[in-house]
Amino acid sequence: MGLKGIKPKDYTMNILNGVALGVVVSLIPGALLSELSKALDWSFGLTATGIAQTLMPIVVGVAVAINFKFTPIQIGSLGMACVVGSGVARVNPDGGFIFQGSGDVINTGLTAAIAVLLILLLGEKLQAFTILVIPTIVTVIGGGLGLLLLPYVKSVTTLLGNFIATLTDLQPVPMAIAIALMFSMMIVSPIATVGIATAISLSGIASGAANLGICAAGFGLCIAGWKVNAVPTSLAHFIGSPKMQMANVLKKPKIMVPILCNAAITGSLAAFLDLQGTPFSAGFGFSGLIGPINALALAPNGWSALNIIKVVFAFLITPLVLGFIFNYVFNKKMGVAKADDYKLNFN
């Protein structure tokens, strides 16, 4: 496939779908097992899921490459470029490299886009020299350009984080609603919610609101696309991450209208019920029960019957019920979106 053989729209969608899938695949193990591993003191579970998160850039690169139907050489090259450009690795002064975190998701996507362009430009012109030239050019030039962009992308991310942080100076209810709305949108964008929350040390009610906004997005998108998506894919919206809908949201932003209404109401419960969280839990919502567990752990009297009822009501019942209500009102009655707008196919 050459550069002339692909439309700009297909190019963009292939990148975004690959980023979304890569993020979901690499975060799901940790989302499902991290809290359980801590509770059981299962060190290997924490190690394995931590490694999975660190491998996010290469998983993103592979997912993007597969969307473009690249050859094995091109797939491997794109994966390596994404690792270089993501910032997940840094030089160890004592020798070797230190891999930490999961890298910058936005920059990983930009690096993938640059590397894909290089592969498409070179196409099949190299013939027998492909194995020598493609891995070298794509990794060094594609990954290198991505690494050059990294400080600037991080600056933009930090500015966004600081903007969100100013919302914490508002009154609790409007603050909770605003943060829930922003995180429900960020969770279906290339922006890493965990990275934003960690960068601005989002905690307390602000973190709880972010959690609930993500919960609203997960349950709302699951319900809206239930008829057209496979059951495992639908469940992955809240068990894993709603980020898998990123390409659909970019294509038709209006499909988020019922989701945002859900997030506004659900997020306000953080203020009304005093549901708190940590910077880490703010980026996961319901996934792996990280949000609910942290809300219980930080609540006065901990795992009391009243607190459990509050958490179940806010994190499960409210976003679920509102998901059905707003899907019926906006999509079925008003025709804002249809089930096919939420359709995913990752097989």
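**Close-up views of the predicted model**

**View 1. Surroundings of Asn14.** Apart from neighbours within four places in sequence, Asn14 contacts Ile6, Val64, Asn67 and Phe68, a contact being heavy atoms within 4.5 Å. This is a predicted model, in which local features need pLDDT of at least 70 and side-chain atom pairs count only at pLDDT 80 or more, while totals for chains, interfaces and linings use all residues. Residues are numbered from 1 along each chain as its sequence is written, and side-chain values use heavy atoms, with hydrogens and water left out. Asn14 belongs to helix α1 (residues 8–40); helices are DSSP runs of H or I with at least four residues, numbered from the N terminus. Its relative accessibility is 17%, so Asn14 counts as buried (under 20% relative accessible area, 1.4 Å probe, protein chains only).

**View 2. The ring cluster of Tyr11, Phe68 and Phe70.** Ring pairs join these three residues into a cluster; rings of Phe, Tyr and Trp (its six-membered ring) pair if their centres lie within 6.5 Å. The structure holds 7 aromatic pairs. In one of them, the ring centres of Phe68 and Phe70 are 5.4 Å apart with planes at 20°, so this pair is stacked (planes under 30 degrees apart). Phe68 is buried at a relative accessible area of 1%, and Phe70 is buried at 9%.

**View 3. The Phe219 and Phe238 pair.** The rings of Phe219 and Phe238 are stacked, with centres 4.5 Å apart and planes at 20°. This pair links distant parts of the chain, 19 residues apart: Phe219 lies in helix α9 (residues 204–224) and Phe238 in helix α10 (residues 231–239). Phe219 is buried, with a relative accessible area of 2%; Phe238 is buried at 15%.

Notes. Helices (H or I, at least four residues) and strands (E, at least two) are DSSP runs, numbered from the N terminus. Buried means under 20% relative accessible area, exposed over 50%, partly exposed in between (1.4 Å probe, protein chains only). Rings of Phe, Tyr and Trp (its six-membered ring) pair if their centres lie within 6.5 Å; planes under 30 degrees apart count as stacked, over 60 as edge-to-face and the rest as tilted.
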